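Visitor: Could you show me the model, and then let me ask a few things about it?
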Amino acid sequence: MGTSSPPKPRGITRRRCGRSVTIAQILKPSSRQQRQSFSEIAKVTEYASDLEIRRRLSILNKKSMDSDSETSDDFGGSPESSRSESKITVSDTKSDLGLQQDQSVISNSREDGSSMADESFDDDREWGARMTKANLVPPVTRKYEVIDQYVIVADEDAVRRKMQVSLPEDYAEKLTAQRNGAEEVDMELPEVKDYKPRKKLGDEVIKQEVYGIDPYTHNLLLDSMAEESDWSLLDKHLFIEDVLLRSLNKQIRHFTGTGITPMIYPLQPVIEEIERTAEDDHDFRTVRVCRAILRAIDSRREDKYVAYRKGLGVVCNKQEGFGEDDFVVEFLGEVYPTWKWFEKQDGIRSLQKNNKDPALEFDSIYLERPKGDADGYDLVVVDAMHKANYSSRICHSCRPNCEAKVTAVDGRYQVGIYSVRKIQYGEEITFDYNSVSESKEEYEASVCLCGSQVCRGSYLNLTGEGAFQKVLEEWHGILDRHQLMIESCEVNSVSEEDYYDLGRAGLGSCLLGGLPAWLIAYSARLVRFINSERTKLPVVILTHNLEEKSDAEVQAEGVYNQRLRNLAVTLDKVRYVMRCIFGDPKKAPPPLVRLSPKEVVSFLWKGEGSLVEELLQCMAPHVDDNVLNDLKSKILDHDPSGSDDILKELKRSLLWLRDEIRYLPCTYKCRHDAAADLIHVYAYTKCFFKIQGYKSVTSPPVYISPLDLGPKFSKKLGPGSHEYRKTYGENYCLGQLIFWQIQTNTEPDGSLFRASRGCLSLPDIGSFYAEVQKPSRQRVYGPKTIRFMLGRMEKQPQRPWPKDRIWSFSSSPKVFGSPMLDAVLNNTVMDREMVHWLKNRPPVFQAMWDR
Ligand SMILES: C[S@@+](CC[C@H](N)C(=O)[O-])C[C@H]1O[C@@H](n2cnc3c(N)ncnc32)[C@H](O)[C@@H]1O
């Protein structure tokens with residue numbers, strides 16, 4: 001073991017196909033222990049370690065429970081994340097066992113022939129081979145075309161630029177400063193490496209079937225060794241992680257390529273073989289520990305001493321092993337610009353019919369430019385699904401012997417797998433996938449079999465919910481995001497401060513070059529939010545998850561990196577659409593434009609489709625012609641257009657109209673009183689913004705093969721590639737920019753309009769004039785409705801209003817504006833006069849269900 005902790009993985013995150021967004025270092029947390037050297041661990045008492053394992057498992061369970069909690073108003077969220085009811089608890093075992101019995105190839109170590117279904121369901125021990133459903137789904141060992149360099153799939157020039165290294169002029173000084181601890185941590189500098197050939201497959205490394213054990217089995221084995229008092233805890237862990245796993249993989253190697261590899265393999269013959277070798281070597285200490293385990297296997301019939309199949313893996317085949325920081329192999333694959341990659345993921349989701357069952361592909365990685373590159377941060381996706389080299393067979397470990405990192409070799413960035421410590425002959429090559437998923441199903445499906453003492457239980461980490469979202473929900477609601485967008489559209493220029501903040505976050509010409517000013521200004525504002533979240537989040541995580549302080553800080557750092565990554569992906573998607581529409585993205589106009597006073601009058605008072613015109617049309621079937629004509633002529637008299645202060649006059653006219661219709665006779669079908677309230681709210685709204693839609697575009701097809709869909713769906717869809725074309729709607733860019741933190745949303749514009757109901761766009765006036773024949777509970781407008789509306793306005797101004805009430809909303813409004821938005825724009829509370837009137841005006845009508 002080297003004495004220094006392994007270098008921080010840089011610029012590399014593994015993606016879970018389709019639904020996940022990955023975070024480097026986000027459960028890195030795990031981490032603190034992970035980074036502890038073995039000698040440090042040895043100092044920890046056995047009891048403390050047990051507690052630690054329990055803590056990990058309870059965190060795992062807590063995280064999955066947290067995800068059941070109600071989500072915010074974020075309509076862009078991945079729908080699957082909150083749907084599942086399954087948890088990593090004993091209760092899941094029931095269905096698992098059903099599945100286990102179906103696995104005909106499972107070899108059962110039981111001498112008494114009892115089936116695994118005998119396992120007790122209400123057992124809550126933390127050891128034993130108890131797996132959730134997904135581990136029992138066979139790992140997919142897909143076939144790929146072997147390549148020996150990156151293959152760029154689209155936008156070849158742009159992708160090449162993104163992969164091109166640009167060292168800062170003062171690189172050498174910066175590097176020295178960083179080594180001395182003086183350089184900013186954010187400014188990861190490119191790691192320049194000399195070219196080295198990869199380890200030869202079939203010679204220095206071999207590809208073979210590999211097995212692993214879950215955390216419960218690890219604990220079970222520890223427990224079975226308990227009586228060996230001259231074995232320290234460290235020795236026991238080493239025995240499991242090193243001796244046992246190596247012998248296991250040696251013993252099962254012959255299954256490779258046979259097609260009859262069992263899903264489960266008993267540990268008994270592995271322990272017996274270790275015992276035999278130890279006897280030959282006169283290593284009686286090991287013999288004793290093996291016998292202790294074998295005795296336990298014999299006596300503890302209810303416990304499962306088994307290993308599970310991980311699929312193919314890569315194993316060190318060099319007698320003298322590999323040294324530390326040794327280059328193993330590049331992670332090769334097809335390189336996608338992120339917009340194209342996410343188009344493909346949209347296509348995959350649509351073909352999977354948004355099914356919540358996880359697919360099992362796990363073969364792509366983000367190649368991220370280091371933030372300290374002279375041209376700044378950016379990213380592309382390397383997909384090893386169809387074209388790859390053996391690196392894509394390397395399995396995950398929570399205590400890996402390698403890391404995947406972005407290095408600068410011969411002027412180009414590449415993802416390289418490097419050893420982080422010495423690797424012995426026969427040891428499996430692993431790295432930490434550092435991957436997170438927004439989907440609880442995926443997370444639970446990915447039970448980790450690395451067998452290490454610090455195993456996190458899943459080789460994915462769950463995010464997009466719980467504590468990680470708290471700051472975003474509280475400080476970056478839909479109105480806050482619109483405020484940033486409106487400000488950026490209105491200034492439509494980039495200030496020194498903007499460039500400074502973007503630069504400090506590592507965003508430079510590579511990501512921002514050629515974008516319109518309003519978009520760069522918006523990005524700078526988002527970066528400021530991301531920075532403030534980074535400061536606030538550790539405290540929130542600490543309170544919410546009861547983590548240790550250092551863990552909370554590392555997690556917050558992971559969220560910070562994820563946010564920047566999402567911003568970069570969003571900009572790439574939007575840039576692509578703007579390029580399709582305008583040729584030059586710089587020509588894309590700001591998507592939100594403030595209405596001039598004249599335009600506001602036209603929108604509310606006298607234009608085509610104005611509020612007043614709609615009101616007159618909707619009320620026509622319900623009132624006498626005389627009354628209607630009289631009202632129309634009075635409305636003409638109250639036209640505010642000629643006034644010197646149009647907006648003041650408009651407010652006066654609207655308040656006049658409010659009182660005029662408020663006292664017209666109501667029925668349950670015709671709620672003039674409710675319409676009057678809405679006119680009142682409009683009268684007090686100061687700012688309105690036109691949504692400037694672009695053209696809708698359909699991009700060239702992406703091809704999705706059965707392999708991309710995972711085994712479950714590929715069978716349903718049959719052979720051959722599927723063509724998917726994505727259509728970007730008129731308001732796609734605005735929607736994606738407002739939901740910049742989410743990538744799994746196929747139609748962010750639709751989400752935007754759903755999220756804007758009530759808080760950004762007020763209800764249709766037609767909501768209150770119905771053609772229904774009978775009164776209904778859904779159409780009430782009584783004191784309770786008003787209280788609810790006021791509650792939303794005052795206490796939850798950024799949340800959309802529910803659909804199942806009297807209000808209806810346009811599915812694609814052309815204009816945004818509300819007193820709630822005004823309050824956010826002016827950084828004030830809501831207009832007190834407006835609220836006071838709504839609270840105190842006397843009721844004029846009560847329908848049957850009104851309460
Ligand atoms: C990139 S592939 C690795 C190669 C794969 N075993 C194969 O046969 O192609 C990732 C998949 O390997 C399996 N895998 C990798 N690491 C694992 C781990 N620590 N525990 C369980 N399964 C693992 C999972 O099925 C995962 O989806």
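This is a predicted model: local features need pLDDT of at least 70, side-chain atom pairs count only at pLDDT 80 or more; totals for chains, interfaces and linings use all residues.

Guide: Residues are numbered from 1 along each chain as its sequence is written.

Visitor: OK, how many helices and strands are in the chain?
Guide: The chain has 30 helices and 25 strands, where helices (H or I, at least four residues) and strands (E, at least two) are DSSP runs, numbered from the N terminus.

Visitor: And how much of the chain is buried?
Guide: Of its 851 residues, 47% count as buried; a residue is buried if 20 or more other C-beta atoms lie within 10 Å of its own, exposed if 12 or fewer, and partly exposed in between, with the C-beta atoms placed from the backbone.

Visitor: What about contacts between residues at least 6 apart in sequence?
Guide: Of those contacts, 81% join residues at least 24 apart, a contact being two residues whose C-beta atoms, placed from the backbone, lie within 7 Å.

Visitor: Switching to helices, how do α14 and α29 cross?
Guide: The axes of α14 (residues 478–491) and α29 (residues 819–826) come within 9 Å and cross at roughly 60°, which makes α14 oblique to α29. Here axes are lines fitted to C-alpha atoms, for helices over the stretch in contact, and angles run from 0 to 180 degrees between N-to-C directions; under 35 degrees counts as roughly parallel, over 145 as roughly antiparallel, 65 to 115 as roughly perpendicular and the rest as oblique.

Visitor: Which residues meet there?
Guide: From α14, L479, D480, H482, Q483 and I486 meet M820, L821, V824 and L825 of α29. The residues of this contact divide into six nonpolar, two polar and one charged, where Ala, Val, Leu, Ile, Met, Phe, Trp, Tyr, Cys and Pro count as nonpolar, Asp, Glu, Lys and Arg as charged, and the others, Gly among them, as polar.

Visitor: Now β9, where do its side chains point?
Guide: In β9 (residues 334–337), E334 and Y336 point one way and V335 and P337 the other, and all are buried. Two bridges join β9 to β3 (residues 151–152), which run parallel, while four bridges join β9 to β11 (residues 379–383), which run antiparallel. V151 stands opposite E334, and the bridge partner of Y336 is V381.

Visitor: Last, where are F255 and R300?
Guide: F255 is in the loop between α8 (233–252) and β6 (264–266), and R300 is in the loop between α10 (284–299) and β7 (306–316).

Visitor: Why is F255 called partly exposed?
Guide: F255 is partly exposed because 16 other C-beta atoms lie within 10 Å. Not counting residues up to four places away in sequence, F255 touches E209, I260 and T261.

Technical notes: Two strands pair if DSSP finds at least two bridges between them.
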